[in-house]
Amino acid sequence: MDIQFLNDVYWGNSLKNYLLFIGIILFGLILKRFFSKIISKVFFTLFKRFSQEIKLDTFLDLLVKPIESLLIILIIFLAINQLDYPLEIVVFKRTVNKVVTTITLIQVLDKIFLFLIIFSSFKIILRTIDFISHVFAYRASLTASKTDEQMVPFLKELCKIIIIILGVFMIMGAVFNMNVATIIAGLGIGGLAIALAAQDTLANLLGSFTIFADKPFVVGDLVNVAGYDGVIEKVGFRSTLLRTMDKTLVVIPNKKMIDSPLENLTLRNLRRVKFNVGVLYGTSSDVIRTISEQITEYIQTHKETTEDTLVTLDSFGESGLNIQVLYFIEIVDYNAYMKIKEEINYKVMEIVLKNEANFAFPSRTLYHEFGSAGIPLQQVEQKFLKD
């Protein structure tokens with residue numbers, strides 16, 4: 001069979017080269033998912049002992065797509081190299097001291113492919129860090145300490161930042177032909193200026209290290225800071241995420257987390273309840289004593305409260321007599337605390353009404369004088385009735 005026609009040249013390339021170009025592209029696009037899964041599974045064997053409790057599907061979900069992207073770039077690069085393309089077109093030209101520097105289109109394409117290969121490779125590394133952090137997060141969830149759960153996302157971000165910086169330096173050196181050593185040395189000279197320009201960022205970064213060193217709280221703790229009550233969800237490099245009781249997410253800079261007074265509500269062993277019960281003026285002192293004694297007895301005998309209960313006639317208010325109730329609940333969980341508090345409040349209402357006392361409410365007594373002579377209102381009414 002005569003295959004000499006494959007050597008026929010069209011637009012600077014033989015038919016054979018065109019067929020190789022099309023075949024590599026089609027072969028690569030059809031089998032890219034298959035090869036990416038095979039490579040991912042082979043890669044997973046390196047972490048098998050380390051991550052026995054994590055399923056292969058989790059690893060594949062993270063690594064298949066970036067490996068697939070890298071394979072597509074390599075396939076296109078290999079296919080284009082089969083062509084003798086006439087791309088010696090000058091896209092940039094500069095003359096310095098009679099030295100002419102030119103950049104052709106093929107050189108630009110080579111740099112673009114090199115950039116994409118480096119970018120995809122580092123993306124695979126970042127996804128691998130995600131998988132490793134996923135394994136450590138799972139193991140941390142099995143321990144009683146919450147410090148591990150707080151440390152894992154922090155170290156994950158730290159490793160990612162280091163990898164990204166290394167990737168940027170590699171791209172600058174390999175793609176743009178820049179002297180990385182000179183750039184790093186220059187950073188030392190400009191470090192002071194950068195530090196002055198980024199004081200708040202550095203302060204927040206140091207604040208994150210202080211939080212991990214002192215451990216005033218861990219992820220999951222209920223805290224009061226900067227006027228917010230909420231649960232710590234995440235401690236990052238710059239800020240801490242706080243989920244409030246209204247389920248909103250508050251971002252607080254780490255500097256403020258260590259500079260502001262912080263109350264760790266999770267570490268307390270009791271919840272204090274303090275309120276006033278107002279009864280009407282005219283309620284006898286014996287009734288008030290009885291109410292106070294019955295409230296005290298009920299709270300002290302409650303299984304979820306302590307014996308540090310104090311019920312006293314506290315003050316003489318504008319609208320009634322104020323009986324102050326002070327007690328402590330041993331359950332720290334907020335929902336359970338609110339249920340117990342509600343139960344006791346209903347019982348206090350029952351005790352007050354059982355002793356035939358009435359709750360005070362804001363009221364005013366007005367004394368009206370009719371006319372400048374100060375005639376009593378009763379006489380005025382009698383006068384109007386006669387008329």
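Mentor: Rings of Phe, Tyr and Trp count as a pair if their centres lie within 6.5 Å. This is a predicted model, and in it ring pairs link F154, F209, F212 and F237 into a cluster.

Trainee: What makes F154 and F209 an edge-to-face pair?

Mentor: The ring centres of F154 and F209 are 5.6 Å apart, and the planes stand at 85 degrees. Planes over 60 degrees apart count as edge-to-face, so the pair takes that name. F154 belongs to helix 4 and F209 to helix 6, so the pair ties together parts 55 residues apart in sequence.

Trainee: Why is F154 called buried, and what is F209 called?

Mentor: Buried means under 20% relative accessible area. F154 has 3%, so it counts as buried. F209 has 41%, which lies between 20% and 50%, so F209 is partly exposed.

Trainee: How many aromatic pairs does the structure hold, and why is the pair of F115 and F119 called stacked?

Mentor: The structure holds seven aromatic pairs. For F115 and F119 the centres are 6.1 Å apart and the planes are at 20 degrees. Planes under 30 degrees apart count as stacked, so this pair is stacked. The two residues are four apart in helix 3 (residues 105–141), which means about one helical turn between them. An α-helix has 3.6 residues a turn, so residues three or four places apart point the same way.

Trainee: How do you know that the buried residues of helix 6 are on the same side?

Mentor: In helix 6, N204, G207, S208, I211 and F212 are buried. They cover an arc of only 135 degrees around the axis, which puts them on the same side of the helix. The face turned away from that side carries the exposed residues Q199, L206, A213 and D214.

Trainee: What covers the buried residues of helix 6?

Mentor: The cover includes helix 4 (147–174), strand 6 (228–235), strand 7, strand 8 (249–253) and helix 7 (254–259).

Trainee: What makes R271 a charge over the ring of Y337?

Mentor: R271 lies over the face of Y337, at 4.7 Å from the ring centre. The distance limit for CZ of Arg is 6 Å, so 4.7 Å meets that part of the test.

Conventions: Residues numbered from 1 in each chain as written. Predicted model: local features only at pLDDT ≥ 70, side-chain atom pairs only at ≥ 80, totals over all residues. Heavy atoms only, no water. Buried < 20%, exposed > 50% of the residue type's maximum accessible area, 1.4 Å probe, protein only. Arc of directions from axis to C-beta. Contact = heavy atoms within 4.5 Å. Phe/Tyr/Trp six-rings, centres within 6.5 Å; stacked < 30°, edge-to-face > 60°. Lys NZ or Arg CZ within 6 Å of the ring centre and 35° of its normal.
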